[in-house]
Amino acid sequence: IGLFLYGINFMSSALEKLAGNNLRRILERMTKTGFISVLVGMGVTMLIQSSGATSVIVVSFVNAGLMKLLNALYVIIGANIGTTITAQIIAFKIDKIAPLILFVGVIMFLFIKNKLVKKVGGVILGFGMLFTGIYVMGEGVNSLELADVIKNFLAQEPNPFLCMMFGIVFTAIIQSSSASVGILQVLLLQTAGLAFGVKSIMFLIIGMNIGAVSPVVLLSLSGNIRSKQGAVADILAKVLGAITFIILMYIVPGILPWTMGLAEGNVARQIANLHLAFNIVSTVAMFPLVKPIIRICEKILPIPEDESIETQGFIYLDSSTLINPHIAVMQSKKEVL
């Protein structure tokens, strides 16, 4: 699990470096309308493989006054769809050739001096670590005979609320819904199928998606009132999206069997599709509710009326802007002016 998590983290970081400052420029300049913002959030997250990273970047923009909270929330709900790409990649059974991918990545990353090749090598290295982690994890599950334990647990249809809470806490600890869903895929690959506990698995996935707010919440603790509004907006959007999907799941009980039927016999792909279905439904449901959510956030956490230049000190700079050097330099220039 450690190698798998480190692989995801390393690959995401390498992809962000490869994209460079263009990534932040795209997020800053191409988010003028709601629909475009959702598409940008989705595209950027597919590129860097982390909805948490995308959310942290846009909330730090809000914190620095570079982006309106409304646009940031559109990007965040789009990022929820983009993050499902990791589960889809994991569903390709290439873990057996992972050491070869790892070897190519090491050669490019450590022994070639060209900066672009080195950055691409970092992505391939992270990709190789991710799949090597999956292979080792699968072997560990088999040797510990955990498959039967998981199968028996899910066969009993455990309390949906407890499944959801476990998903929230687990994802909050490891800071990535992509990683937690990936671990779920590997564990359930070792079982005989999903027919015995589909609802339990769905509630785990829902919990994992809600738990993905943790990086934004942690960022907001050191930010100003605007970043705190961003964190509350993210929480509300994810919770309301989860409620919408749960209601739909009970009104249209055939939605889960139909989604699973798209990848008959491939457990990892079935979980990836359930993850994708949840995020598409919640994003579509939340799109018209973005403005009401923002109004609720502004009422819960109003910006003080007496927040003048004299009372607030630095206007553009605080600790959260230092996460991204490109933003920090821009904000320093604004502060000096």
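A salt bridge, as the term is used here, is a side-chain nitrogen of Lys or Arg within 4 Å of a carboxyl oxygen of Asp or Glu. Lys238 and Asp234 are four residues apart in helix 14, so about one helical turn separates them.

Before I continue, a word on provenance. The model is predicted, so local features need pLDDT of at least 70 and side-chain atom pairs count only at pLDDT 80 or more, while totals for chains, interfaces and linings use all residues. Residues are numbered from 1 along each chain as its sequence is written, and side-chain values use heavy atoms, with hydrogens and water left out.

Let me turn to the overall fold. The protein has 19 helices and zero strands; helices (H or I, at least four residues) and strands (E, at least two) are DSSP runs, numbered from the N terminus. Of the 337 residues in the protein, 52% are buried. The accessible surface comes to about 15700 Å², and 70% of it belongs to carbon and sulfur atoms; areas come from the Shrake-Rupley method with a 1.4 Å probe, and for residues only the protein chains shown count as cover. Contact means heavy atoms within 4.5 Å. Among contacts between residues at least 6 apart in sequence, 78% join residues at least 24 apart.

What, then, lies in the interior? A nonpolar core is a set of buried Ala, Val, Leu, Ile, Met, Phe, Trp, Tyr and Cys residues joined through side-chain atoms within 4.5 Å. The largest core has 34 residues, of which Leu27, Val58, Phe61, Leu73, Ile77 and Ile293 touch the most other members. Helices 3, 4, 5, 13, 14, 16 and 17 each supply at least two residues of this core. A second, separate core of 29 residues includes Ile201, Ile246, Ile271 and Ala272. Not counting residues up to four places away in sequence, Leu27 touches Val40, Val44, Ile57, Val58, Phe61, Met67 and Val75.

Which of its residues are buried? They are Val290, Ile293, Ile294 and Cys297, within a helix that spans residues 290–300. Seen down the axis, these buried residues fall within an arc of 100°, so they line one face of the helix; the arc is that of the directions from the helix axis to the C-beta atoms. On the other side, Arg295 and Lys299 are exposed. The buried residues of helix 17 pack against helices 5, 14 and 16.

Ile303 touches Ile225, Arg226 and Gln229, residues up to four places away in sequence not being counted. Between Ile303 and Gln229 there are 9.4 Å in space, C-alpha to C-alpha, and 74 residues in sequence.

I close with the surface. Ile97, Leu100, Phe103, Val104, Ile107, Leu110, Phe111 and Ile112 make a nonpolar patch of about 760 Å². Patches consist of residues with over 30% relative accessible area and no salt bridge; like charges are joined within 9 Å, and nonpolar side chains (Val, Leu, Ile, Met, Phe, Trp, Tyr) within 5 Å. Leu100, in helix 7, is exposed, with a relative accessible area of 55%.

Methods
Buried means under 20% relative accessible area, exposed over 50%, partly exposed in between (1.4 Å probe, protein chains only).
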